[in-house]
Amino acid sequence: MDWLRRDEQALMNTYRRLPIVIKEGQGSYLIDEENRRYLDFITGLAVNIVGHSHPAIMETLQEQGTKFLHISNLYVNKPAVELAEKLSEKTIGGKVFFANSGAEATEAVIKLIHKWSKQQDFAKKGVVVLKRSFHGRTLGAMKLTRQEGVYQDFPLHDLPVYEVEPEDVHGLKEVLEQYQPAAVLMEPVLGSGGVVPLSHDYLQQIESLCKEHEALFCMDEIQTGMGRTGTLFAYMQATVTPDVVLFAKGVGGGLPLGGMIVKPYLNELFVPGDHGTTFAPSPLSCALGLTVLDLLENGLLAHSRTVASHLQESLETLQKEFPSLLESYRGKGMMMGLPTKLNAQQVATIQQKLIAKGVLVDVTQRTIIRLLPPLVVSQEDVDAFIACFKTVLVEMEQELNG
């Protein structure tokens, strides 16, 4: 595997690679240099929601790519305007700020929260987040991320951050009353934190508490957005209306794009010079975003809900067959976590066995198998995954029982 050796020598060692060199992608599959096909249930860590090389995506790449790739924010960017209009119309009705990534979207909301608090002449300062949440690795976002392996001993800014347990309404209320933070930020389904969905009742109570204590209610939909959980954004299933929605990952059709949508009363909070970026919004990424939205609206969301239901039922059956290995699955739509009763090395072995059989899955929190299938995945591909996974579980059970 000469490419793996060259990769180790050329790139800084910030990622643990799987031993695969990809040459192309087709639909729900990736193909390596040796022409082996892999069913892709990682999808670029929730980015490739329409799979690989989707015909509509390829057509948009060609169409926009022949016009211009970058023009800067000195000029009107038509694909960005159209995408912002649609995102606003389908969500909370205000303006959009575009960035290049999820971490940059978090940085933007940190600035927005600070400026809003000052504008209101509040003494309020700081942000409430959930334990084990993940909001990015840049220095601002990193402090909001509550995972020791991420923030380590890097320098941190002085923004107060208060963490509470998921579903702990009483704990959140105490923090809001005692410290008067300016905002609450949370993922509707903790992704890196173990694929933990927040209950609808909990989200509704958070919305109510934020209104009562004049704190911004901010939803990090970077991983859950763009149809990943069965609706365009996950908060919609709880019938709440956040003040700010963060997005990224799937929105750019496979290219970098992120940002935030605000309620109308926050529309004019940022003024020229408050924030910016050279590359976002990429005209090509925005054009692809429009194509993704069109696909979601014209059957893809409905298809994904049907297939996700089949996958969930199949996982429930597997858990009953292998109760010594698996806990009950959790998640929403095409975002699922399988907590195991195994140690980290044993779960890594499952992942490697699946790779050897042509299936790619992610592992989070060391012992939780995370499934992030593309929304285009077929029921037949799901059945193939389940059959393969069952074979691996049988092997593991035999090895553990001697």
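User: How many aromatic pairs does the structure hold?

Analyst: Good place to start! This is a predicted model, and the structure holds 6 aromatic pairs. To read one, look at how far apart the ring centres lie and at the angle between the ring planes.

User: What kind of pair do Phe41 and Phe385 make, stacked, tilted or edge-to-face?

Analyst: Planes under 30 degrees apart count as stacked and those over 60 as edge-to-face, with the rest called tilted. The ring centres of Phe41 and Phe385 are 4.8 Å apart and their planes meet at 40°, so this pair is tilted.

User: Where in the chain do Phe41 and Phe385 lie?

Analyst: They come from distant parts of the chain, 344 residues apart. Phe41 is in the loop between β3 (37–40) and α2 (43–46), while Phe385 belongs to helix α12 (residues 379–400). Both Phe41 and Phe385 are buried. Together with Phe389, they form one aromatic cluster.

User: And why is the pair of Phe97 and Phe270 called edge-to-face?

Analyst: Try the angle again. The planes of Phe97 and Phe270 stand at 85°, so the pair is edge-to-face, with ring centres 6.2 Å apart. This pair also links distant parts of the chain: Phe97 sits in strand β4 (residues 96–99) and Phe270 in the loop between β12 (258–262) and α10, 173 residues apart. Phe97 and Phe270 are both buried.

User: Which charged residues sit over a ring?

Analyst: Here you look for the charged end of a side chain placed over the face of a ring. Arg6 lies over the face of Trp3, 4.1 Å from the ring centre. In another case, the charged end of Arg37 sits over the ring of Tyr29, at 4.3 Å from its centre.

User: How many disulfides are there?

Analyst: A disulfide is a covalent bond between the sulfur atoms of two cysteines. For a pair to count, the two sulfur atoms must be within 2.5 Å. By this rule the count is 0. Take Cys218: its nearest cysteine sulfur belongs to Cys210 and is 7.8 Å away, and Cys218 is in no disulfide.

User: Is Cys218 buried or exposed?

Analyst: Residues under 20% relative accessible area count as buried. Cys218 has 1% relative accessibility, so it is buried. Cys286, at 0%, is therefore buried as well.

User: Could we read one more residue, Ser304, and what does it touch?

Analyst: Gladly! Ser304 lies in helix α10 (residues 283–321). Its relative accessibility is 2%, so Ser304 counts as buried. Leaving out residues up to four places away in sequence, Ser304 touches Gly227, Met334 and Leu375.

Key: Residues numbered from 1 in each chain as written. Predicted model: local features only at pLDDT ≥ 70, side-chain atom pairs only at ≥ 80, totals over all residues. Heavy atoms only, no water. Helix = DSSP H or I, 4+ residues; strand = E, 2+ residues; numbered from the N terminus. Buried < 20%, exposed > 50% of the residue type's maximum accessible area, 1.4 Å probe, protein only. Contact = heavy atoms within 4.5 Å. Phe/Tyr/Trp six-rings, centres within 6.5 Å; stacked < 30°, edge-to-face > 60°. Lys NZ or Arg CZ within 6 Å of the ring centre and 35° of its normal.
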